[in-house]
Amino acid sequence: MSKLANIDWGNLGFNYMQTDFRYVSTWKDGKWDEGELVTDNKLSISVASTALHYGQQCFEGLKAYRTKNGDIQLFRPYENAKRINLGAQRLLMPEIPEEKFVDAVLQVVRANEAYVPPYGTGATLYIRPLLIGVGDNIGVGPAPEYLFSVFCIPVGPYFKGGMTPVNFTVSDFDRAAPYGTGAAKVGGNYAASLYSYHLAKKNGFGDCIYLDPLTHTKIEEVGSANFFGITLDDEFVTPKSPSILPSITKYSLLYLAKENLGLKVAERDALIDNLKEFKEAGACGTAAVITPIGGIQYKGKLHVFHSETEVGPNTTKLYNTLCGIQFGDLEAPAGWVIKV
């Protein structure tokens with residue numbers, strides 16, 4: 001194992017920190033260049049770039065994990081490669097070949113190995129690939145050039161003192177339009193959520209629940225994460241909709257709920273008026289893995305699931321199983337883990 005950077009690993013938050021290398025590749029004249037590692041953490045782009053005016057950009061988020069024996073591994077990076085290309089298709093940007101995407105991630109992790117936190121700290125190396133439209137283009141249309149970049153930062157565990165249930169409130173606003181860009185990981189979806197998040201925090205909640213934009217009767221997302229619930233008869237349920245981001249964590253939990261916990265699983269509607277069908281609920285995504293939902297405030301009433309202070313047994317098992325796989329303590333399903 002290479003020498004680690006001089007960092008207080010136990011007190012890392014989720015904040016930007018400049019690491020040593022980033023990857024940059026340019027698409028021009030119909031093809032991608034080879035790409036290279038650079039030390040500069042600034043991008044130089046035209047003032048007329050479509051990313052700045054028309055939101056032609058998408059991004060990804062994944063992590064590298066240090067195992068007990070000091071190895072480093074990635075969790076399902078090809079799924080991130082597939083998802084960024086769904087965003088590219090939706091926004092008329094060139095796709096990134098999956099092998100190029102994963103190779104770029106591997107190059108960045110290897111070049112910044114000193115920043116991969118030690119095993120046992122709960123900290124990880126967060127990796128941010130991004131694809132943006134650049135070049136001189138002031139008309140509304142696709143850019144003449146594109147930039148694919150990958151950088152990384154060490155981040156602390158989401159829950160410093162162990163998992164804690166969080167209360168959420170239902171938002172009056174939508175994060176995406178029906179059949180819009182909700183299923184793509186594009187910046188506009190997140191910009192649209194900032195005001196709702198601000199209101200939720202102001203009123204004492206962790207974040208907000210977004211309902212389906214068409215009928216406002218079904219749960220879609222929890223802040224910037226996917227929703228799941230465990231029903232009274234032990235079914236793992238997660239919403240299905242064309243405006244939900246397809247979370248890699250969610251699909252991993254769907255698999256583990258069925259194969260490891262023996263639960264029934266379903267992607268179906270989760271009606272906001274029928275919260276009583278769930279004995280446990282949570283939000284899932286790359287950052288926290290799982291955020292247990294203590295309660296949901298809707299129309300002035302707080303519906304509590306398992307508890308506002310304790311995490312439910314199924315949620316705990318799912319969290320421990322997925323984290324065990326990610327940190328190399330449990331055997332991973334075939335193809336889920338790539339050694340760096």
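A residue counts as buried when its relative accessible area is under 20%. E221, at 2%, is therefore buried. The model described here is predicted. It holds 11 salt bridges and 13 aromatic pairs. Its largest nonpolar core has 40 residues, and another core, of 22 residues, lies apart from it.

**Nonpolar cores**

- The residues with the most contacts inside the 40-residue core are F101, V105, V109, I127, L131, F148 and V150.
- Seven elements are listed as giving two or more residues to this core: the strands β1 (22-28), β5 (62-66), β6 (72-75), β7 (124-134) and β8 (145-155), and the helices α2 (77-90) and α3 (98-111).
- The largest share, 7 residues, comes from α3.
- Apart from this core lies the one of 22 residues, which includes L254, L256, C284 and V289.
- Leaving out residues up to four places away in sequence, L131 is in contact with W32, Q56, Q57, C58, I84, A88, M93, P94, I96, Y146, L147 and F148.

**Aromatic rings**

- The aromatic pairs number 13.
- One of them joins F227 and F278. Their ring centres are 5.9 Å apart and their planes meet at 70°, so this pair is edge-to-face.
- F227 sits in strand β12 (residues 225-231) and F278 in strand β15 (residues 278-285), so the pair ties together parts that are 51 residues apart in sequence.
- F227 and F278 are both buried.
- The rings of F228 and F236 are stacked, because their planes are at 15°; their centres lie 5.1 Å apart.
- F228 is buried, at 0% relative accessibility. F236 is buried too, with a relative accessible area of 0%.
- Y23, W32, F101 and F148 make up one aromatic cluster.

**Salt bridges**

- E221 pairs with R175, and their closest N and O atoms are 3.2 Å apart.
- E221 belongs to strand β11 (residues 219-222). R175 is in the loop between β9 (166-170) and α4 (187-202), so the bridge ties together parts that are 46 residues apart in sequence.
- Both partners are buried: E221 has 2% relative accessibility, and R175 has a relative accessible area of 10%.
- K264 and D233 meet through their side chains in a salt bridge of 3.3 Å, N to O.
- This bridge links distant parts of the chain, 31 residues apart. K264 is in strand β14 (residues 264-267), and D233 is in the loop between β12 and β13 (235-238).
- Here the partners are partly exposed. K264 has a relative accessible area of 43%, and D233 is at 48%.
- E235 forms a salt bridge with R268, with 3.4 Å between the closest N and O atoms.
- E235 lies in strand β13 and R268 in the loop between β14 and β15; the two are 33 residues apart.
- E235 is buried, with a relative accessible area of 18%. R268 is partly exposed, at 26%.
- E79, K82 and E98 are linked in a network of salt bridges.

**Positive phi angles**

- D29 has a phi near 55°, a positive value in a residue other than glycine. D29 lies in the loop between β1 and β2 (31-32). At 68% relative accessibility, D29 is exposed.
- D234 also has a positive phi, of about 60°, although it is not a glycine. D234 is found in the loop between β12 and β13. At 31% relative accessibility, D234 is partly exposed.

**Nonpolar surface patch**

- L43, I45 and L52 form a nonpolar patch on the surface. Together they have about 260 Å² of accessible area.
- L43 is in the loop between β3 (36-38) and α1 (50-53). L43 is partly exposed, with a relative accessible area of 43%.

Conventions. Residues are numbered from 1 along each chain as its sequence is written. This is a predicted model: local features need pLDDT of at least 70, side-chain atom pairs count only at pLDDT 80 or more; totals for chains, interfaces and linings use all residues. Side-chain values use heavy atoms; hydrogens and water are left out. Patches are made of residues with over 30% relative accessible area and no salt bridge: like charges are joined within 9 Å, nonpolar side chains (Val, Leu, Ile, Met, Phe, Trp, Tyr) within 5 Å. Accessible areas come from the Shrake-Rupley method with a 1.4 Å probe; for residues, only the protein chains shown count as cover. A salt bridge is a side-chain nitrogen of Lys or Arg within 4 Å of a carboxyl oxygen of Asp or Glu. Helices (H or I, at least four residues) and strands (E, at least two) are DSSP runs, numbered from the N terminus. Buried means under 20% relative accessible area, exposed over 50%, partly exposed in between (1.4 Å probe, protein chains only). Rings of Phe, Tyr and Trp (its six-membered ring) pair if their centres lie within 6.5 Å; planes under 30 degrees apart count as stacked, over 60 as edge-to-face and the rest as tilted. A nonpolar core is a set of buried Ala, Val, Leu, Ile, Met, Phe, Trp, Tyr and Cys residues joined through side-chain atoms within 4.5 Å. Contact means heavy atoms within 4.5 Å.
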